[in-house]
Amino acid sequence: MSSEGMTAAPGPGSVGDVLRFPDGFAWGAATASYQIEGAVHEGGRSPSIWDTFAHTPGKVQNGDTGDVADDHYHRYREDVGLLADLGVTHYRFSLAWPRLQPGGRGGLNHDGVDFYSRLVDELLGRGIQPWVTLYHWDLPQVLEDSGGWPVRDTAERFAEYAAAVHDRLSDRIRHWTTLNEPWCSAFLGYANGHHAPGRTEPGAALAAAHHLMLGHGLAVQAMRSQDASSTLGITLNLYPVDPASDAPADADAARRVDAVSNRIFLDPLLRGRYPEDLRRDVAEISNMAFVAGGDEKVINAPLDVLGVNYYTRHVVRASGARQPTSTRASAWVGSADVQSVDRGLPKTEMGWEIDPQGLYDVLERVQREYGPIPLYITENGAAFADELGPDGTVADPQRVAYLDDHFRVARRAIDDGIDLRGYFVWTLIDNFEWAWGFSKRFGLVYVDYETQRRIPKDSARWFAGVTRRNGLATAV
Ligand code: FCB
């Protein structure tokens, strides 16, 4: 450890040339099973909806699939070594349901448990705390075949799976997240069809959102009763949603998008009821009869932490049209007429506007309207067109600048009293970016997919400095 890592201030503050984070702040990197593991036919794993989707022509750019991905299933030791080099205190990864419970119900698959058990031991051996997500989008295909998330039974199946896995691994895994970004599962999966299973049924998407939430609540209840000392949470992708103008129609458009993106999850989770305005907005599509008496109370099960994934802000306007402005199905169910406004800000390779202040706004809003609750940024990061240079290095100054800007905003939020306890960068290594395949590189570490060679980018070295100092250098 370098001498600059030895600053010993008790809490956050500027010490010498370091803008420090609070002692004990969790620094991590995040990944997800289907995006990195590969080995889709090994160890008794059954197909997930993403195997089916990726193998359906036209669904994923370049026909890419997660069949091999980063081959992490075989190279997990090397990848844990990369995490150790980053100096992270925590590693957020997801468990593949079809590896652990290939039939989508019943007992666990020994080889699946064994794989994650070995990964966890490797992490703990390096002093890295595992932070697991039980569901990061890879539903066993067999459960989609019996209706998927739009049917209530899938919520029950999820709770059963969560309880079985928690029972086996909670001796060594202390941090449990039920779902990653249920918005994407429900609305990209079942409304606009950009993600698996690729259905375009707005009413089914609303039912999916509810059954994801119900599954979450049932899983929390089950895990809590098994071991009250586990830290339990969920991760949401939250956005500030701003109107493009002062016009009442634009304000209403922003309200509607906020309802169907943010409050549809925050309200039942943290207030125990769906927003009334959301129910009205979607009334022509669904009467939400799938919400049975008592469900909202189940969803409202007490949480220990809330994970927030932040990438960008939405600025929206009403198009004035009653009908969708595009022939493509909209993910904003009930608000298909609302348009996103491009503010002309610099964008990442995903086309997402770079807006660090949005991170502050999201955290501040959650704490003010729904808190108190300990918050973790469970994903933030950026894709850029990284290239392996002739000298064998990957220079990614844009990613360093992006992360530096967002980390400073996080630090300001802490100064302002927001209970932010940790920050996970998306992502450890370049990987399968869903419908974009391998065309988007978000990693701190570059992956040469021909050879599976891992090459830490400049941002990896920079981030290792941040974790070592527990802070940002204020002067170079
Ligand atoms: C999030 C996903 C994650 C990754 C990033 C870029 O929505 O949770 O798997 O794809 O976006």
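The following questions and answers concern a predicted model and ask how its descriptions follow from computed values.

Q: What makes the chain agree with a compact globule?
A: For 476 residues the globule rule gives a radius of gyration near 23 Å, and the chain has 21 Å, which agrees, so the description as a compact globule fits. Along its principal axes, the C-alpha trace spans about 60 × 55 × 45 Å.

Q: What share of the residues counts as buried, and what does the chain expose?
A: With buried taken as under 20% relative accessible area, 61% of the 476 residues of the chain fall into that class. The chain exposes about 17200 Å², of which carbon and sulfur atoms supply 50%.

Q: How do you know how the span of helix α15 compares with the expected one?
A: Helix α15, residues 458–469, has 12 residues and reaches 17 Å from its first C-alpha to its last, which is close to the 16 Å expected at 1.5 Å a residue.

Q: Why is α15 called largely enclosed by the rest of the structure?
A: Nine of its 12 residues are buried, so the helix is largely enclosed; among the buried residues are Trp462, Phe463, Val466 and Arg469.

How values were computed. Residues numbered from 1 in each chain as written. Predicted model: local features only at pLDDT ≥ 70, side-chain atom pairs only at ≥ 80, totals over all residues. Heavy atoms only, no water. Helix = DSSP H or I, 4+ residues; strand = E, 2+ residues; numbered from the N terminus. Expected span 1.5 Å × (residues − 1). Buried < 20%, exposed > 50% of the residue type's maximum accessible area, 1.4 Å probe, protein only. Rg over C-alpha atoms; globule rule 2.2 N^0.38 Å. Areas by Shrake-Rupley, 256 points an atom, 1.4 Å probe, with all protein chains shown as cover.
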